[in-house]
Amino acid sequence: MLSDPIQISPSRQLTNLLAMDWSAMRDWVSTLGWPAYRTRQILCWLYQKRILNITEMTDLSLSDRSHLQSIATITRASNVTIRQATDGTKKFLLELTDGLEVESVLIPEDDRLTLCVSTQVGCTLDCGFCLTGQMGLKRNLKAHEIVNQVLTVQDHVASSSRLTSLVFMGMGEPLANMEEVSEAIKRLTNRDWGVGFSPRRITVSTAGLASRLREVAPLGVNLAISLNATTDKQRHELMPAINTLHPLSHLLKACRDYPLKTGRRLTFEYVLLAGINDSMADAKRIPKLLNGIRCKINLIPFNEFHGSLYKRPSAQSIGQFQMILRRAGLDVFIRKSRGRDVLGACGQLGDLQVGNLNNKRSSKEYGK
Ligand code: SAH
């Protein structure tokens, strides 16, 4: 049961409705002596209408609403800070109930509106090219804290548009927090009472927790794997924790064994670091490593941050790298870096000290 009571006074605890999963809500509704259909009603208010106040549940009688208010609450992030980059990307900093902050990045592009969500505060792993990795792990996010990122940002864009895609590529390693990530995805994809996202529009990215890849399959979402190197020596230097646990051979075996549905393919991400993993020899090794795996490749030119050891390769060498892979018959894309001036691009999340904090606003200010 994912219930998470919130202490508001020593004598009285309010239950956060968002912290309950479907079965916890069902049991709770039944304990209150309410009819079973009330479970769906309440969940629809939370996830489809995104209400912030129990008084808005207009299909509950006034007395039921007032009883609910006396025992429960709807608690999202308490403070939300938005930093807008010159390219239109927005980084959202959401303050959690324990005072920690989590980051989500909204990326508008053509007819798409993608939200990059976080799954941990900090990260379990220690990848040397990623700023989040340098924070260490503060804690795992709860399912509702993951879903709340989506609800809060959807509220923010509500008047003009809808989020079209979700990528689990923000702070943290999703597969190291798989239980909460799975529960969050269930609430985000449920069409009956949940947010109703198509699983095809959701991508979960892993640094390579090979033993847990299979757990992603039943969720029906897309899986991306951060390859980032072409030899174990190189990968060990760049991603020591994950490559010690699962060297390239393990990882690629897990990818080959992954129960990929017809018409779907895996995505391999490859962060390009000048002079480190961007040689022509690296490019030539990739098709051999990925031989027989239905996939596409996203090249991510390194996004620099204060104190980073690595450099982004020149546009010319990125182009050459892509060309070699294309000639080998692979589908290769270069990911545009978005939001770099607010540290909102891949690998730049976690430096809460940097940037302009003057536009701090309460979540209510831009509510529905
Ligand atoms: N832990 C997960 C998801 C978060 S990182 C994972 O590793 O996949 C999301 C993507 O950003 C990964 O592919 C990662 O390799 C890449 N990345 C991390 N730091 C980066 C940086 N500074 N520049 C460019 N890409 C980076």
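This is a predicted model: local features need pLDDT of at least 70, side-chain atom pairs count only at pLDDT 80 or more; totals for chains, interfaces and linings use all residues.

Visitor: How many helices and strands does the protein chain have?
Guide: Ten helices and 16 strands. Both are DSSP runs numbered from the N terminus: helices are H or I with at least four residues, strands are E with at least two.

Visitor: What about the radius of gyration?
Guide: The protein chain has 22 Å. A compact globule of 368 residues would be near 21 Å, so the value agrees. The radius is taken over C-alpha atoms, and the globule rule is 2.2 Å times the number of residues to the power 0.38.

Visitor: And what does the C-alpha trace span?
Guide: About 70 × 45 × 40 Å along the principal axes.

Visitor: How much of the chain is buried?
Guide: 56% of the 368 residues. Buried means under 20% relative accessible area, exposed over 50%, and partly exposed in between, with a 1.4 Å probe and protein chains only.

Visitor: What about the accessible surface?
Guide: The accessible surface comes to about 16,200 Å². Carbon and sulfur atoms account for 51% of that area. The areas come from the Shrake-Rupley method with a 1.4 Å probe; for residues, only the protein chains shown count as cover.

Visitor: What share of contacts links residues 24 or more positions apart?
Guide: 65% of the contacts with a separation of 6 or more. Contact means heavy atoms within 4.5 Å.

Visitor: Now helix 8. Which residues are buried there?
Guide: Helix 8 covers residues 248-257, and Leu248, Leu251, Leu252, Ala254 and Cys255 are buried. Down the axis of helix 8 they fall within an arc of 155°, so they line one face. The arc is that of the directions from the helix axis to the C-beta atoms.

Visitor: What is on the face of helix 8 turned away from the buried side?
Guide: Ser249 and Lys253, both exposed.

Visitor: And what do the buried residues of helix 8 pack against?
Guide: Three helices are helix 6 (232-238), helix 7 (240-245) and helix 9 (280-289). Strand 12 (222-226) and strand 13 (266-272) are partners too.

Visitor: Which residues of helix 3 are buried?
Guide: Asp64, Arg65 and Leu68. Their arc, seen down the axis of helix 3, is 100°, so they line one face. Leu62 and Ser63 are exposed on the face turned away. The buried residues of helix 3 pack against helix 1 (22-31), helix 2 and strand 3 (72-73).

Visitor: Backbone now. What is phi at arginine 50?
Guide: Positive, about 55°, although arginine 50 is not a glycine. Arginine 50 sits in the loop between helix 2 (37-47) and helix 3 (62-71). Its relative accessible area is 11%, so it counts as buried.

Visitor: And aspartate 110: buried or exposed?
Guide: Exposed, at 78% relative accessibility. Phi of aspartate 110 is also positive, near 45°. Aspartate 110 lies in the loop between strand 6 (101-109) and strand 7 (112-116).

Visitor: Last one. How far is aspartate 155 from arginine 326?
Guide: They are 40 Å apart in space, C-alpha to C-alpha, and 171 residues apart in sequence. Aspartate 155 is in helix 4 (residues 143-157) and is buried at 5% relative accessibility.

Methods: Residues are numbered from 1 along each chain as its sequence is written. Side-chain values use heavy atoms; hydrogens and water are left out.
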